[in-house]
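I opened the notebook on a structure that is new to me.

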Amino acid sequence: MTIGFIGLGHMGGPMAANLVKAGYVVKGFDLSLSLLEEANSKGVTACASLAEAVAGVDTVITMLPAGKHVLAVWQELVATVPTGTLLIDCSTIDIDSARKAHEMAAEKGCVSLDAPVSGGTGGAAAGTLTFMIGGKQDVFSKSQPIFEAMGKRIIHCGGPAAGQAAKICNNMILGISMIAVGEAFVLGEKLGLSHQALFDVASVSSGQCWSLTTYCPVPGPVPTSPANNDYRPGFAGALMLKDLKLSQEAAQSAGAATPLGAKAAELYALFNELGNADRDFSGIIEMLRKQSGGTA
Ligand code: NAD
């Protein structure tokens, strides 16, 4: 099977390379020439245009920055590919754009899936991403081997845009819980509690969560967490802010009350403004510590 892959950045590049490893013929396109060359060195056929990349393919995958890029590219796609082509968007985008992309595909007689991922650049390179997928069951079932070439957990979440909904809701939990864990460590410090003692208690008590046990924001208790590596990402503050903003747009348009999601978006906006966009999102504990009169 031949796949057209549009967007060969931090995530798309290694994902396309894993498709090649799994035996697919992959034709790639990106606006950046250097990324095209890099993908080419991993077995992706570098194409000079979107039209060239999607000529004669069965499936097209897009991995782009945001909703406006996906809609612009899908507009071009539906004008170019034949009826029946499978279009998959793996970017993290707003729900309205995801729904619109599915509608555009359906109008052309194409089949489509939204399939955002979690697992970051490490997961993309290792082929261990989690895919959250929205779209029709039969389309999902047929396309499962494609996702298996790039990921480990593949979850069908429901109809069109359900994958994006799951991604946005999950990351809203993550943003809120990381702030909660950071606040608890800062309060513990003020109360004379050691990081290890708080970790030992909360990690086996009702405060237990991924932000604590896998991604602990203080160095020591979880040696692999970015806190042990000067908060190098990992998952950058800019990406957390992007996802929290998406959750708030969705909450507003759907009429859901998400007061903690709103506060988390506000705190991560400040975190980014303070120059932390490229640092890991767990570094927000340093901002909280400073706000408490301590040093980072
Ligand atoms: P990136 O900026 O590295 O890659 C996006 C690529 O799209 C760029 O190389 C850009 O040149 C290309 N592009 C933009 N418009 C194009 C067009 N019209 N035609 C062809 N190429 C075009 O971003 P990324 O980190 O790879 O993230 C991609 C998506 O995945 C985003 O939606 C992001 O939120 C999501 N995501 C990223 C991570 C992560 O850790 N980086 C984790 C999960 C999800």
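**Overall build**

I counted 13 helices and nine strands in the protein; helices (H or I, at least four residues) and strands (E, at least two) are DSSP runs, numbered from the N terminus. The model is predicted, with local features needing pLDDT of at least 70 and side-chain atom pairs pLDDT 80 or more, while totals for chains, interfaces and linings use all residues. Residues are numbered from 1 along each chain as its sequence is written, and side-chain values use heavy atoms, without hydrogens and water.

I looked up the extent: the C-alpha trace spans about 65 × 45 × 35 Å along its principal axes. Of the 296 residues, 51% count as buried, meaning under 20% relative accessible area (1.4 Å probe, protein chains only).

**Ligand**

I then asked which residues surround the ligand. There are 21, and the closest are H10, M11, D30, L64 and K242; a residue is near if one of its heavy atoms lies within 4 Å. I found that α6 (120-126) and α11 (237-254) each supply at least two residues of this shell. Domain 1 (2-160) and domain 2 (165-291) each give at least three, with bounds from an automatic or database domain assignment.

I checked polar contacts, pairs of N or O atoms within 3.5 Å. A side-chain N or O atom of D30 is 2.7 Å from an oxygen atom of the ligand. Backbone N or O atoms also reach ligand oxygen atoms, at 2.9 Å for L64 and 3.0 Å for P65. The ligand taken alone exposes 830 Å², and the protein buries 83% of that (Shrake-Rupley method, 1.4 Å probe).

Conventions. A polar contact is a pair of N or O atoms within 3.5 Å; within protein, one must be able to donate a hydrogen and the other to accept it, and residues adjacent in sequence count only if both atoms are side-chain atoms. Buried means under 20% relative accessible area, exposed over 50%, partly exposed in between (1.4 Å probe, protein chains only).
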